[in-house]
Amino acid sequence: NLFLITMGKEGVFIYKRGKISKLLPIINIKSVIDTTGCGDIFICGFLYALSKKYKLGDCALFGNVCAGLSVKGFGLDLIPKKREIFKKFKEILNKK
């Protein structure tokens, strides 16, 4: 069983029996303009990473990156591009 609870600016709580149970924070974004659709974009990013066999924590981070990059403006124009997502994702992974 896998459970995700998105908690807005607090991040996402991820639980998988016997594997992981923790709160993962959001990525730091300086100017948040509109959070509409953030949860939807998060889950799309999470499922993409899961389909590519990423570790669960990295799936959550990938979803957080997708959602975080989408809040810098209004509407569909701010759905992040694939290259932008991977650039930010790798940048964060390299800081770990």
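Student: Hi! In which sense do strand β2 and β3 pair, and over how many bridges?
Tutor: Hello! This is a predicted model, and in it β2, residues 12-16, pairs with β3 in the antiparallel sense over five bridges.

Student: Which residue in β3 is the bridge partner of I14?
Tutor: That would be K22.

Student: And what is the strand order in the sheet?
Tutor: The order is β1-β2-β3, with three strands making an open, antiparallel sheet. β1 (2-6) and β3 (20-24) are the edge strands; each has a single partner strand, so one side of each lacks a neighbour in the sheet.

Student: What does the twist average from one strand to the next?
Tutor: The average is 5°.

Student: Which strands does helix α1 touch?
Tutor: Helix α1, residues 38-51, packs on the sheet and touches β1 and β2. The direction of α1 makes about 150° with that of β1.

Student: Switching topic: which residues touch the most other members of the largest nonpolar core?
Tutor: They are I14, F46, A60, F62, V65 and I85, out of 24 residues in that core.

Student: Which elements each supply at least two residues of this core?
Tutor: β2, β3, α1, α2 (56-69) and α3 (82-95) each do. The largest share is from α2, with nine residues.

Student: Back to I14, then. What is I14 in contact with, leaving aside neighbours within four places in sequence?
Tutor: I14 contacts L2, F3, L4, I20, S21, K22, L24, F46, L56 and A60.

Notes: Residues numbered from 1 in each chain as written. Predicted model: local features only at pLDDT ≥ 70, side-chain atom pairs only at ≥ 80, totals over all residues. Heavy atoms only, no water. Pairing = 2+ DSSP bridges. Helix = DSSP H or I, 4+ residues; strand = E, 2+ residues; numbered from the N terminus. Axes fitted to C-alpha atoms, helices over the stretch in contact; angles between N-to-C directions. Contact = heavy atoms within 4.5 Å. Core = buried A, V, L, I, M, F, W, Y, C linked by side-chain atoms within 4.5 Å. Buried < 20%, exposed > 50% of the residue type's maximum accessible area, 1.4 Å probe, protein only.
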